[in-house]
Amino acid sequence: MEKLSSKVTFDLEYFFEVTPDLLCIAGFDGYFKKINPAVAKTLGYTDEELFAVPIGSFIHPDDQHLTSLKRVALIEGKSLLNFENRYISKDGAIIWLSWTSVPIMRDSLVFAIAKDITYRKHLEEYDRISSILGMIENDHQKRFKTPQKRELSSHLISSAIDHQKTANEEPSQSDQFWLNSFEMLVRKNASKANLNLNFISDGLAISQRQLFRRVDQILGITPNKLVRVIRLQLAWEAIASGKYRTIKEISNIAGYNSRSHFSRLFKEVYGIHVTELL
């Protein structure tokens with residue numbers, strides 16, 4: 001392979017514009033000075049909106065203190081590697097970013113690059129909650145001595161294939177898009193009595209067999225378990241919003257008819273009784 005001459009001039013401005021990662025130059029004063037299109041696209045704000053206010057305005061309240069400490073370290077000349085924090089997009093979505101930042105002391109600037117790791121965080125939460133749900137199911141089977149039900153019949157998924165999915169395995173772009181569609185369908189219809197696998201299959205325009213295969217291929221769990229994970233996340237988000245004050249309201253939003261069952265499940269998964277958060 002021929003090595004390019006050191007005299008070749010590269011169009012770094014073009015590279016800056018087309019890079020899918022978030023690239024930015026920030027001042028020690030806490031304002032963006034230059035950003036690439038990926039920043040505005042990810043956060044949903046215009047360039048003008050992003051330049052108009054301090055960067056901290058876009059950071060999740062729970063991460064502002066730690067981020068402020070890291071910014072002080074940058075101003076003191078310390079580089080920042082793989083720092084994760086949450087931003088809030090214009091439409092209210094939480095965006096997880098992993099930052100690598102280098103201070104340029106001469107110009108009082110910070111050169112930074114961030115990767116959007118939101119989906120990896122979602123997968124980690126899927127994995128955590130689904131593992132707890134599995135332990136709850138096993139405990140229930142042992143306690144009541146009920147025969148273990150096979151969630152997937154042999155004609156759906158070959159028992160010879162062990163996917164062993166972990167949160168560290170990044171799904172493909174098409175898989176991410178498909179899981180987003182699955183999650184949005186569940187979120188929009190969580191409170192409906194007819195939300196079942198048949199409803200979801202129809203909504204995604206695939207058969208139930210394909211539904212089982214796709215979810216198992218991507219996450220290594222069943223569609224039913226994924227629905228429960230999303231329901232519990234809905235419950236947590238409803239509580240965090242501060243808009244609701246009763247278990248009935250929260251359980252209805254998450255699609256649980258039995259408040260007692262919902263309360264027990266929430267306690268098992270999050271380690272705290274739902275009433276302590278209301």
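This is a predicted model: local features need pLDDT of at least 70, side-chain atom pairs count only at pLDDT 80 or more; totals for chains, interfaces and linings use all residues.
Residues are numbered from 1 along each chain as its sequence is written, and side-chain values use heavy atoms, with hydrogens and water left out. Local features require pLDDT of at least 70 and side-chain atom pairs count only at pLDDT 80 or more, whereas totals for chains, interfaces and linings use all residues.

The structure contains 13 salt bridges, where a salt bridge is a side-chain nitrogen of Lys or Arg within 4 Å of a carboxyl oxygen of Asp or Glu. Among them is the pair formed by the side chains of Lys-33 and Asp-29, with an N to O distance of 2.9 Å. Accessibility is classed by relative accessible area (buried, under 20%; exposed, over 50%; partly exposed, in between; 1.4 Å probe, protein chains only). Lys-33 is partly exposed at 43%, and Asp-29 is likewise partly exposed at 45%.

A further salt bridge joins the side chains of Lys-90 and Glu-49 (2.9 Å, N to O). This pair links distant parts of the chain, its members lying 41 residues apart. Lys-90 is located in the loop between strand S3 (80-88) and strand S4 (94-104), while Glu-49 belongs to helix H3 (residues 47-52). Helices (H or I, at least four residues) and strands (E, at least two) are DSSP runs, numbered from the N terminus. Relative accessibility is 48% for Lys-90, which is partly exposed, and 29% for Glu-49, also partly exposed.

Within helix H6 (residues 173-189), Glu-183 and Arg-187 are 4 residues apart and are therefore separated by about one helical turn. Their side chains meet in a salt bridge with an N to O distance of 2.9 Å. Glu-183 is buried, at 8% relative accessibility, whereas Arg-187 is partly exposed, at 24%.

Helix H5 (residues 118-144) includes Thr-118, a buried residue with 10% relative accessibility. The side chain of Thr-118 makes a polar contact with that of Asp-116 at 2.6 Å. A polar contact is a pair of N or O atoms within 3.5 Å; within protein, one must be able to donate a hydrogen and the other to accept it, and residues adjacent in sequence count only if both atoms are side-chain atoms. With neighbours within four places in sequence left aside, Thr-118 is in contact (heavy atoms within 4.5 Å) with Ile-94, Ile-95 and Trp-96.

In helix H10 (residues 247-254), the residues Ile-247, Ile-250, Ser-251 and Ala-254 are buried. Viewed down the axis of H10, the buried residues fall within an arc of 95 degrees, so they line one face of the helix; the arc is that of the directions from the helix axis to the C-beta atoms. These buried residues pack against helix H9 (223-241) and H11. Just after H10, Gly-255 adopts a positive phi of about 90 degrees.

Helix H11 (residues 259-270) contains Ser-263, which is buried at a relative accessible area of 9%. Apart from neighbours within four places in sequence, Ser-263 is in contact with Ile-247, His-273 and Val-274.
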